[in-house]
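Please look at the display while I go through the structure part by part.

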Amino acid sequence: MKAAVVGATRGMGRAVARLLAERGDAVVLLGRDAAELAASARDLSARGARGTIATGHLDLGEPAAFAVALDQADQAVGGLDTLVVTAGDFVAQDALERDTERLRRLLDVNFTATAVLCQLAGERFAARGGGTICAFSSVAGDRARRSNYLYGASKAGLSAFLDGLGLAYGDRNVRVICVRPGFVKTAMTAGLSVPPFAGEPDGVARVVVRALDRGAPVVYAPPIWRWVMFPIRLLPRAVMRRVRF
Amino acid sequence: MGILSLEPISGWGRHPVSRAAVERPETLRLPEGDTPVLPRGLGRSYGDAAVPATPGARVIETTRADRVLDFDPGTGILTCEAGLSLAEVLRVFLPRGWFPSVTPGTKLVTVGGCVACDVHGKNHHRDGSFGNFVERMTVQVADGRVIECGPARERELFLATVGGMGLTGLITEVTLRLQPVESAWMRVDTEPVSGLVGMMDGLRDAAKDWPYTVGWIDCLAGGASLGRGLLMRGRHATRDEAPAQGPSEPWRLAVPFDAPEFLLSPALMRLFNSTYYRAHTRRRRAAVVVPYQGFFYPLDAVVGWNRLYGPRGFLQYQCVVPRAAGAAAVAGLLERLAAAGAASFLAVIKDCGPEADAYLSFPLEGTTLALDLPYRGPATEALVHELNAMVIAAGGRVYLAKDAVTRAEDFARMVPRLTEWRRVRDRWDPERRFRSAQSVRVLGDHA
């Protein structure tokens, strides 16, 4: 596998990159901070990565530069066949409610930019005979909740996009995986009260890498979140209102 | 991000319990300003060393900062972020023939935590404590500066940070020396010992030939059987002795809920201890080759074993008394414990080598004893104070990584180098930005 991982220096992206590198896949770490990328690349090499490890600049806030970033990643490993997007934006709902400019940025990063990047990669992979696109959405996109609907909406949009992308490009051998993490204890979620079934980045990464190998279209991680979300998705709206969920 | 919500937080002994605003940054950096903080690793210190000074104060959990920054396969010198765990060091580097030079009895500890507690292991008599193998580290001190220190650079800060319980600054990176090993297997030899003198002599004799030694004592046995137990000696198996394959990861059991307290009643524990002892005495003494996990980390196989002590938690008591105090001092402690009937499954006994240069480093040349005491309120604390008085009389000290109740005046009597440590801390953190529930109790920091 020759994979580019966006958001590879942190959280679940770091864990996914480690698992891939450890088993000998070529990995390009894409992100914003050159020093962080270099440190993460050293981490993979020192841990004994056998495949190529490279880094490149990609900022989800600059969609105009996506094509160049993918070109460079292609060159670094001699042709990407996998794109993993774990990066995303998160801000607590109360702050987003008051600051609509911040809200716009979050929607841009989580939906617009991620969709544009995946679409671009989808076209490229299709043109060269196939590939895998894996992006991190969230269980928050499965059902709007009053306490988290702004972030949730950005992820709901992404989930719908990935579902469609998979349908549209499946015939051309492009597999699309939508990862829906439940609560995972990362820097992003620090300070939020930890619910039951909280996951660790390493556990999520194992689920994701298995999905990359087998190509399930929707993956919950930790897997139990599929069953946590199932009844929540079915709850009638009137009940959602009543229980203030 | 909004206001941090609070998480319940305690040491591994689950007493005391407080609440903290816990951050898990991937890049270790102090918050701007002068907010009080406490670094915390995997939370395996038993008492209140990694519990914040006041409920709701900020705790920086370092476990997400776990990158390997450099490794030299020629020398075994590893540079890593402070949150890397020894479990991960072993998983990545043991297959390549490298083992931590010093490891405590669990691998679920961070490198930063190992430095801050200056942990020791079964090879202390030969190799000393963790700090001996630290070549350099970076510490972000209270005013935000990142200081590189080591045995020859900013030596005072280095000596105050090794064993300094995270109170001199936030350890961000550590460079340490691993030791080469030929296999992931251990050659282990276990011998039943009928009494304390035999145990202490046995440890001393074994120290001459074996890199790893430790004794398990049935501390519920009194009278003639006082100090009876098992003496274990080990070394890394050579390539020829070891099976061709590395050992598989052992099955891990989990303790799903707090055990009821009657399981820890003295009668049941006495039964457990004597059965355990007899089972081993009947077995013929033989050198065997076993996986490293079972020799170094037997309790890691039981996830959440601390819940076995029930909802009130437990204290671990670990002290060291100098060789000069002899078997009498150790016997006194064991007699007191046997009389109280308060101790648990087993006590660990080990002879220590010379003291480290680090000011607050725990081990000193002599005998260390470690045991669990189920927490039963003031009676348990009174017992600890009593044991502390005996330790002070013998010229010994207790281990801060285990401690939850020692009084400030007693600690000062145990650690003559405390004044030197305080002087260095005054220089780097005059306002006590770094403080813990333990530093309030034992060092008199303001809460």
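In strand β6 of chain B, Thr79(B) is the bridge partner of Asp70(B). The two strands concerned are β5 (residues 68–72) and β6 (residues 77–81) of chain B, and they pair in the antiparallel sense over 4 bridges. By pairing I mean that DSSP finds at least two bridges between two strands. Strands (E, at least two residues) and helices (H or I, at least four residues) are DSSP runs, numbered from the N terminus. β5(B) and β6(B) form a hairpin with 4 residues between them, and in the turn Gly76(B) has a positive phi of about 75°.

Before I continue, a word on the source. This is a predicted model, in which local features need pLDDT of at least 70 and side-chain atom pairs count only at pLDDT 80 or more, while totals for chains, interfaces and linings use all residues. Residues are numbered from 1 along each chain as its sequence is written, and chains are lettered from A and ligands numbered from 1 in the order in which they are written.

I turn to the domains of chain B. The domain assignment, which is of an automatic or database kind, gives domain 1 (68–181) and domain 2 (185–411) of chain B. Their C-alpha centres lie 24 Å apart. The contact between them takes 26 residues from domain 1 of chain B and 25 residues from domain 2 of chain B; here two residues are in contact if their C-beta atoms, placed from the backbone, lie within 7 Å. On the side of domain 1 of chain B that touches domain 2 of chain B, the elements giving two or more residues are α3 (124–127) and α4 (155–161) of chain B. The largest share, 3 residues, comes from α3(B). By class, that side of domain 1 of chain B has 9 nonpolar, 13 polar and 4 charged residues. Ala, Val, Leu, Ile, Met, Phe, Trp, Tyr, Cys and Pro count as nonpolar, Asp, Glu, Lys and Arg as charged, and the others, Gly among them, as polar.

Which strands are at its edges? The sheet has 8 strands in the order β15-β11-β13-β12-β18-β19-β17-β20 (chain B), with antiparallel pairing, and the edge strands are β15 (287–291) and β20 (397–398) of chain B, each of which pairs on one side only. Within this order, 8 bridges join β11 (residues 185–193) to β13 (residues 229–236) of chain B, and Val193(B) stands opposite Gly229(B) in β13(B). Helix α8 (residues 326–340) of chain B packs on the sheet and touches β17 (314–322) and β19 (366–374) of chain B; the direction of α8(B) makes about 10° with that of β19(B).

Finally, chain A. Helices α3 (residues 66–77) and α5 (residues 100–127) of chain A pack at an angle of about 50°, with their axes 10 Å apart. Axes are lines fitted to C-alpha atoms, for helices over the stretch in contact, and angles run from 0 to 180 degrees between N-to-C directions. α3(A) and α5(A) are therefore oblique to each other: angles under 35 degrees count as roughly parallel, over 145 as roughly antiparallel, 65 to 115 as roughly perpendicular and the rest as oblique. In α3(A), Phe66(A), Ala67(A) and Leu70(A) meet residues of α5(A), including Val116(A) and Arg124(A). The residues of this contact of α3(A) with α5(A) divide into 7 nonpolar, no polar and 1 charged.
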